[in-house]
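Reader: I am new to this structure and would like to learn how its features are read. Could you take me through them one at a time?

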Amino acid sequence: MASPELLLDSSIRMWVVLPIVFITFFVGVLRHYVTQLLHSDKKVDLEQLSDSQVLLRSRVLRENGKYIPKQSFTMRKHYFNNTETGFFKTVKRKVVPKNPMTDSSMLTDMMKGNLTNVLPMIVIGGWINWAFSGFVITKVPFPLTLRFKPMLQRGIDLLSLDASWVSSASWYFLNVFGLRSMYSLILGQDNERVGGAGDRGAQVGAGERGGRADVQRPQLWKPVQWRHPVHQTLIGTY
Amino acid sequence: MASVSEMYDVGWEEMRDKLRKWREDNRRNSEQIVDVGEELISEHASKLGDDIWIIYEQVMIAALDCSRDDLALTCLQELRKQFPDSHRVKRLAGMRLEALERYEEANKHYDAILQDDPTNTAARKRKIAILKAQGKSTEAIRELNEYLEQFVGDQEAWHELSELYINEHDYGKAAFCLEELMMTNPHNHLYCEQYAEVKYTQGGLENMELSRKYFAQALRLNNRNMRALFGLYMSASHIASSPKVSAKVKKDNIKYAAWAATQINRAYKLAGRGTKETKYSVKAVEEMLESMQITMS
């Protein structure tokens, strides 16, 4: 049964659809600048920095080892992997899983993330819901089941209306997630908008823990990968 | 004395762009920078906007090179006024003290920076440079080794260390440093060539073979590298004239040396094309090649 094609007033398009797009976009840009203002400089840990460089060096050795003589390559491989004196075997890092609740710098970072990302979304979502309620905005191009109805059609109590017709709040949320790639075009690469609603503190916490765990993990998997690197000297044929 | 803009008939924008180009290319033509920069600062400071701070830094370092302490002090004072707590400015102040040979004070300056921020690589490198300037190369080598233990990825530092080792005639360790550089920059023919030269200097049949291979690699990466061509010729002739090699290896190396010699001759002919001295220079090259040739036993 074909769904009844509704004809929407074109002023809806002019006065609702486009304004919501603009509002979302400008709020996003504003959010970016506010995050930049509130941004605090992270203090670089010397140990972490040097560890990351060592990891890079071992990776370079693995990839470009064929450019140096065989003896030099084995010498370096032993430096990293020797069972008694190898760098990756002997250097242990204390992995202290940082509790986000007690670590003050992470707590403030989390709060800032929450404030700048989640709060505006709630506020503006609510206002849009209030201001543009009672009518449908647009039709999503794919069919949706009935369970999506209460979510996407706030304020419209028509049982027979197809679930594909959505209200303004859902159009707003669609914009929020859809405009992210636009931000990277306009604001440059590392804009602060990429946080998003779902990540919150988990992102910040995972970043810290990930940095530490990364240094631990190589100790476990690197020796395995390294046991049999085939060293074909590239410089052997002249 | 005519100003730069009068002599070359350029406006202030061109001067500023020229300075930027020199900055990006990392060129050390200090006298030119001082001439252009001084005029830009004194006459057109207001038009430069925020560019002026980086120009101050660039001109200050050039002024230290040319012993223009007055200019350096002016730039430093302007920078200090604008950025009072900056480590970058403190490093410049330390460099000025180094230029005045007040090494103790400069050292204290850098120590203060490092206490505040232990990851500051610039201050550490300046301290090593002080040791080098004072001629204490063994200590400089030791400090540089410690620095590299923590910052393994710093290629500038590896290159500097290889130079220091070469000066101390410790060719084995210099080769190690150059290997690090070759690994991280496999397409750079200059590192290959330097490595080959170190191996050639070390001597011995194995090193000679390695050096010939790496000269060939450098040529493969850039076939206009004359030093590598000469190096190939020399190492190949050396191997060919060594008593310990088999006949086949000797023949191969004589072939390589002959090929290298023809390439050298051709390069010089091409270079001297159209000038009267061509005949003489080509003849000189041939004679030189013959004299360099190690006698075949």
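Author: Let us begin with one stretch of chain B: over residues 155–188 the chain is 79% helix and 0% strand, with the end C-alpha atoms 13 Å apart. Helices (H or I, at least four residues) and strands (E, at least two) are DSSP runs, numbered from the N terminus.

Reader: What should I know about the model and its numbering?

Author: This is a predicted model, in which local features need pLDDT of at least 70 and side-chain atom pairs count only at pLDDT 80 or more, while totals for chains, interfaces and linings use all residues. Residues are numbered from 1 along each chain as its sequence is written, chains are lettered from A and ligands numbered from 1 in the order in which they are written, and side-chain values use heavy atoms, with hydrogens and water left out.

Reader: Which residues of chain A does UniProt list for "transmembrane region"?

Author: The unreviewed entry lists residues 12–34 and 118–138. Residues 12–34 of chain A are 100% helix and 0% strand, with end C-alpha atoms 32 Å apart, and residues 118–138 of chain A are 67% helix and 5% strand, with end C-alpha atoms 25 Å apart.

Reader: How many residues does each chain give to the contact, and what area is buried between chain A and chain B?

Author: The size of an interface is often given as the accessible area lost when the parts come together. Here the contact (heavy atoms within 4.5 Å) takes 22 residues from chain A and 25 residues from chain B. The buried area (accessible area, with a 1.4 Å probe, that two parts lose on being put together, summed over both) is about 2,200 Å², and carbon and sulfur atoms give 63% of it.

Reader: How many salt bridges are counted between chain A and chain B?

Author: A salt bridge is a side-chain nitrogen of Lys or Arg within 4 Å of a carboxyl oxygen of Asp or Glu, and three are counted between these chains. One salt bridge joins the side chains of A:Arg76 and B:Glu179, at 2.8 Å from N to O.

Reader: How are aromatic pairs read?

Author: A pair of aromatic rings is described by the distance of the centres and the angle of the planes. Rings of Phe, Tyr and Trp (its six-membered ring) pair if their centres lie within 6.5 Å, and planes under 30 degrees apart count as stacked, over 60 as edge-to-face and the rest as tilted. By this rule there are nine aromatic pairs over all chains. The rings of A:Phe25 and A:Tyr183 are stacked, because their centres are 5.6 Å apart and their planes are at 10°.

Technical notes
UniProt positions renumbered as here; feature names shortened; annotations may be inferred.
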